Amino acid sequence: MGCCVKANASKEIRTRNHRHVGLEKIFRQVHEPLLCILVLADNLIENLPVNLGLLKSLKVATLDGNRIRALPDELGQLVKLERLSVSANLLMSLPETIGRLQNLVLLDISNNKLKFFPESIGSCFSLEELQANDNSIEELPASVCNLVQLKSLCLNNNNLNQMPLNLLRECKSLQTISLHGNPISMDQFQQMDGFKDFEARRKQKFDKQIDSNVIISSKGLDEGVDL
């Protein structure tokens, strides 16, 4: 099967499930300054070229299911990026420059080999959803408390035994925290400053869903503190 690379009037490049895709061939197209969507999921990509930083208009980057071990520092040049998904790769760390992505709304780095976040993650001020399940994360930096727009924080199956003390107090938009498979107890969580307000937001969220006749699973009602 030939390489299926889509570059069209909507400013997209997409290729999936092509194990012999020539990355350089694809990235010869990404000089396009108006490119908004880049989908390179489920290939065998190991490294991203530094000219990734030239995509000044990029808003969505989907790189799931590859073999990427590191993201280039040039990632921080993608200042219009709103959604970045790099799940199911081999990432050991995130670049400090990720803090420059101040329009980033969603970050999915699940199923990698991460042990920590850079302190600069706290500068992603627009971040609403952070997915980091199935890593080896041992602690969160205090700067996470700066993410005042954060609504959903999913950290299942990591090595966390505590959370930043001011997380619930400072992240006033937070409605969902999922911490299955971590050595942290419900008692620890409930003793955090701001827990009562967080619990009220969580309940309000699901009350609204029920009032709107949204069907949710039995697990859904416990999603807010999913320990």
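Buried here means under 20% relative accessible area. Keep in mind that you're looking at a predicted model.

**Stop one: the cysteines.** Select Cys 124. Its relative accessibility is 0%, so Cys 124 counts as buried. Now jump to Cys 154, which is buried as well because its relative accessible area is 9%.

**Stop two: a proline in a loop.** Next, pick Pro 141. You'll find Pro 141 in the loop between strand 7 (129–131) and strand 8 (152–154). Is Pro 141 buried or exposed? At 10% relative accessible area, Pro 141 is buried. Show what Pro 141 touches beyond four places in sequence: Phe 117, Pro 118, Glu 119, Ile 121 and Pro 164.

**Stop three: the core.** Which residues touch the most other members of the largest nonpolar core? Select Phe 117, Leu 155, Met 163 and Leu 167: those are the ones, in a core of 52 residues.

**Last stop: Leu 155.** Zoom in on Leu 155 and leave out its neighbours within four places in sequence; its contacts include Phe 117 and Met 163. Also among them are Ala 132, Asn 133, Ile 137, Leu 140 and Leu 160, along with Ser 178, Leu 179, His 180 and Asn 182.

Methods:
Residues are numbered from 1 along each chain as its sequence is written. This is a predicted model: local features need pLDDT of at least 70, side-chain atom pairs count only at pLDDT 80 or more; totals for chains, interfaces and linings use all residues. Side-chain values use heavy atoms; hydrogens and water are left out. Buried means under 20% relative accessible area, exposed over 50%, partly exposed in between (1.4 Å probe, protein chains only). Helices (H or I, at least four residues) and strands (E, at least two) are DSSP runs, numbered from the N terminus. Contact means heavy atoms within 4.5 Å. A nonpolar core is a set of buried Ala, Val, Leu, Ile, Met, Phe, Trp, Tyr and Cys residues joined through side-chain atoms within 4.5 Å.
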